[in-house]
Amino acid sequence: MLVRNLLDNAIRYSGSGVQVRWAVSRLGKHILLEVTDTGPGIPANERQGVFERFRRLPCSNCGSGSDLGLSIVRKIADRYDAEISLAAPRPSADSG
């Protein structure tokens, strides 16, 4: 459920033509799941708010949804003592 909601959120809110990727790796005794996309990202001042129930950022191409996806992810992560965070967008190879 956690992975599905992360991927669904990335696909839904990134926009058309955006690539979404995910990778799993081991860091010592920890597992790292990283979901990345080539979309514009979430503004820094909004990043923690997207984990709140029924919170949606303005989006012209988002369609309908329950606005619970990332709040469910946060609850699952908390339940299993996992960490979840959002990072700033990385510059693309063709920018600059």
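**Figure 1. Ala 77 sits in helix α2.** This is a predicted model, so local features need pLDDT of at least 70 and side-chain atom pairs count only at pLDDT 80 or more, while totals for chains, interfaces and linings use all residues. Residues are numbered from 1 along each chain as its sequence is written, and side-chain values use heavy atoms, with hydrogens and water left out. Ala 77 is buried, with a relative accessible area of 1% (buried is under 20%, exposed over 50%, partly exposed in between, using a 1.4 Å probe and protein chains only). Skip the residues up to four places away in sequence, and Ala 77 touches Leu 2, Ala 82 and Ile 84 (contact: heavy atoms within 4.5 Å). Leu 2 is 75 residues from Ala 77 along the chain, yet their C-alpha atoms are separated by 7.7 Å.

**Figure 2. Here's the whole protein chain, for orientation: an α-β-β-α pattern along the sequence.** The protein chain has 2 helices and 2 strands (DSSP runs numbered from the N terminus, with H or I of at least four residues for helices and E of at least two for strands). There are 96 residues, and 20% of them count as buried. The accessible surface comes to about 7,400 Å², with 51% of it belonging to carbon and sulfur atoms (Shrake-Rupley, 1.4 Å probe; for residues, only the protein chains shown count as cover). Take the contacts between residues at least 6 apart in sequence: 43% of them join residues at least 24 apart.

**Figure 3. Zoom in on the largest nonpolar core, built from 7 residues.** Its members are Leu 6, Val 50, Phe 51, Leu 70, Val 73, Ala 77 and Ile 84 (a nonpolar core is a set of buried Ala, Val, Leu, Ile, Met, Phe, Trp, Tyr and Cys residues joined through side-chain atoms within 4.5 Å). Helix α2 gives the most to this core, with 3 residues. Ile 84 touches Leu 6, Phe 51, Val 73, Arg 74 and Ala 77, leaving out residues up to four places away in sequence. Val 50 comes from the loop between β2 and α2, and its 9% relative accessibility makes it count as buried. From Val 50 to Leu 86 it's 36 residues in sequence, but 9.7 Å in space, C-alpha to C-alpha.

**Figure 4. Ser 71 is tucked away in helix α2 (residues 69-79), where it counts as buried.** Its relative accessibility is 7%. Neighbours within four places in sequence aside, Ser 71 is in contact with Val 50, Phe 51, Glu 52 and Arg 53. Two of these contacts, Val 50 and Phe 51, also belong to the largest nonpolar core.

**Figure 5. Helix α1 has buried residues, with cover that includes β1, β2 and α2.** The buried residues of α1 are Asn 5, Leu 6, Leu 7, Asn 9, Ala 10 and Ser 14. Among the elements covering them are β1 (20-27) and β2 (30-37), along with α2. The geometry checks out: at 1.5 Å a residue, the 13 residues of α1 should span 18 Å, and the end C-alpha atoms are 18 Å apart (the expected span is 1.5 Å times one less than the number of residues).

**Figure 6. Asp 8 and Arg 12 form a salt bridge.** The structure holds 1 salt bridge (a side-chain nitrogen of Lys or Arg within 4 Å of a carboxyl oxygen of Asp or Glu). The closest N and O atoms of the Asp 8 and Arg 12 pair are 3.6 Å apart. The two residues are 4 apart in helix α1, so about one helical turn separates them. Asp 8 is partly exposed at 36% relative accessible area, and Arg 12 counts as partly exposed at 27%.

**Figure 7. Val 3, Trp 22, Val 24 and Ile 31 make a nonpolar surface patch of about 400 Å².** Patches use residues with over 30% relative accessible area and no salt bridge, joining like charges within 9 Å and nonpolar side chains (Val, Leu, Ile, Met, Phe, Trp, Tyr) within 5 Å. Val 3 lies in helix α1 (residues 2-14) and is partly exposed, with a relative accessible area of 34%.

**Figure 8. Asp 81 has a positive phi of about 55 degrees, even though it isn't a glycine.** Most residues other than glycine have a negative phi. Asp 81 lies in the segment after α2 and is exposed, at 73% relative accessible area.
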